[in-house]
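This briefing covers the ligand site and the aromatic pairs. Please keep the structure open while reading.

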Amino acid sequence: MHIDQLSATELTSQLETLKEQYDALRGANLALDLTRGKPSTEQVALSNALDGILGDDFLAANGIDARNYGGLEGLEEARALFGDVLGTPADETLIGGNSSLTLMYNTIEFALTDGLRGPASAWGNSDTVKFLCPTPGYDRHFALCEYLGIEMIAVPMLDSGPDMDTIEALVKQDSAIKGLWCVPRFSNPTGGVYSDATVERIARLGLIASDHFLVMWDNAYAVHSLYDDAPELASIRTYCQQHNTLNNVFQFGSTSKVTFAGAGVAFLATSIENLKAFKNHLAFRTIGPDKVNQLRHTRFLSGSGQLAEHMAAHAALIRPRFECVIDSLARELDGTGMGAWSSPRGGYFISFNTLPGLAREVVALAETIGVKLTPAGATYPYGKDPKDCNIRLSPTYPSLDDVQAAITAFIVCVKIASLNARLKP
Ligand SMILES: Cc1ncc(COP(=O)(O)O)c(C=O)c1O
């Protein structure tokens, strides 16, 4: 029954039963963790063949010895393979290091200090630099901005993607806004996929925003579908070509959740002009990336249907965990008015909204009985969720049994917090 239809007596009696369940859970000494968007051990094991795949053949397709210095933009075959993931040509794609977050950091730092078009264009020439942050969003994007002194403006995330009416109005009126964070496919944490119309409007932002505005297109989950019918993402590059805004977009991705999260390959793509400028900057940081790992990855993932097959094996492992969470939430909370949640078709997260003002309490209640959740507020700039309602659930790492135990305990906490709130005068 819906919480609003329960009488005070019914609320109290349900709460008593729930408190008994809560005490039993406390006695069970649980040690469960739904905080980490990490691939499980079985998932990383899908790529164990990377180790040793090269034998003693270290030569790339064009004869370059991957063991030696150089090749700032990465091996040609890696640029082609991961360009395909981002939907960009090889010559607009750069392979660098193992972490896309590092590439994002380097890009923003470069735009701040050096400037995309030389010193006069550096964002840092102005006292204030602002970024638009669709929320709920990825905590590390927000942490990066905070660390670099970039002011964050939260904008709502809709089912179609970021609220473009708000974004367009803001960029038109405030020239200090220099960037927009996007996780366009299976967004972190909602799992939503931006609609075609949203992708096109984002591609057009370069026409109305201040000079050297950048869309940070973090396509971390580009190939991470859980179902064959998962929504596709429109090509931002195609729209940028149409609107002549290729210089306003940097795309990012990595194999952190394809192969080894700690030893994968990261990539970025942008216009040829931007890439040239970025490479000039990068050359001060490194003589070249780890090309041996790039070669391992291309040998492991190239070939017709290879990547898709590999990602289907990931999906087979994590889909039951997602379904366990979503089925449990539906069974226990549908129609109660005590929460709303996303049902993603891919990615790594499920977003849960409590009744307003209860997220912190739910996280604390869960922690007391041994269930760790991502801190409430983490999905908002500065860790401040104005409605204190969003909680990010990450079901990929724990075993299926642990996911079931954790979500069962979580639901008890949600119900207790919700009923308590209704009983308060
Ligand atoms: C949206 C998003 N971007 C980037 C990352 C991190 O990527 P990488 O491991 O390539 O640094 C994550 C990890 O959870 C993520 O969710």
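Helices (H or I, at least four residues) and strands (E, at least two) are DSSP runs, numbered from the N terminus. This is a predicted model: local features need pLDDT of at least 70, side-chain atom pairs count only at pLDDT 80 or more, and totals for chains, interfaces and linings use all residues. Residues are numbered from 1 along each chain as its sequence is written, and side-chain values use heavy atoms, with hydrogens and water left out.

**Shell around the ligand**
- The ligand is surrounded by 13 residues, counted when a heavy atom lies within 4 Å of it.
- Ser100, Asp218, Tyr221, Ser256 and Lys257 are the closest of these.
- Helix α4 (residues 100-113) gives the largest share of the shell, three residues.

**Polar contacts** (pairs of N or O atoms within 3.5 Å)
- A polar side-chain atom of serine 100 is 2.7 Å from a ligand oxygen atom.
- For asparagine 188, the distance from a polar side-chain atom to a ligand oxygen atom is 3.0 Å.
- A side-chain N or O atom of lysine 257 lies 2.6 Å from an oxygen atom of the ligand.
- Of the 400 Å² of accessible area that the ligand has on its own, the protein covers 88% (Shrake-Rupley method, 1.4 Å probe).

**Aromatic pairs** (ring centres of Phe, Tyr and Trp, its six-membered ring, within 6.5 Å; planes under 30 degrees apart are stacked, over 60 edge-to-face, the rest tilted)
- The structure has 12 aromatic pairs.
- One of them, tyrosine 105 with tyrosine 147, is tilted, at 6.3 Å centre to centre and 40 degrees between the planes.
- Tyrosine 105 is in helix α4 and tyrosine 147 in helix α5 (residues 139-147), so this pair ties together parts 42 residues apart in sequence.

Conventions. A polar contact is a pair of N or O atoms within 3.5 Å; within protein, one must be able to donate a hydrogen and the other to accept it, and residues adjacent in sequence count only if both atoms are side-chain atoms.
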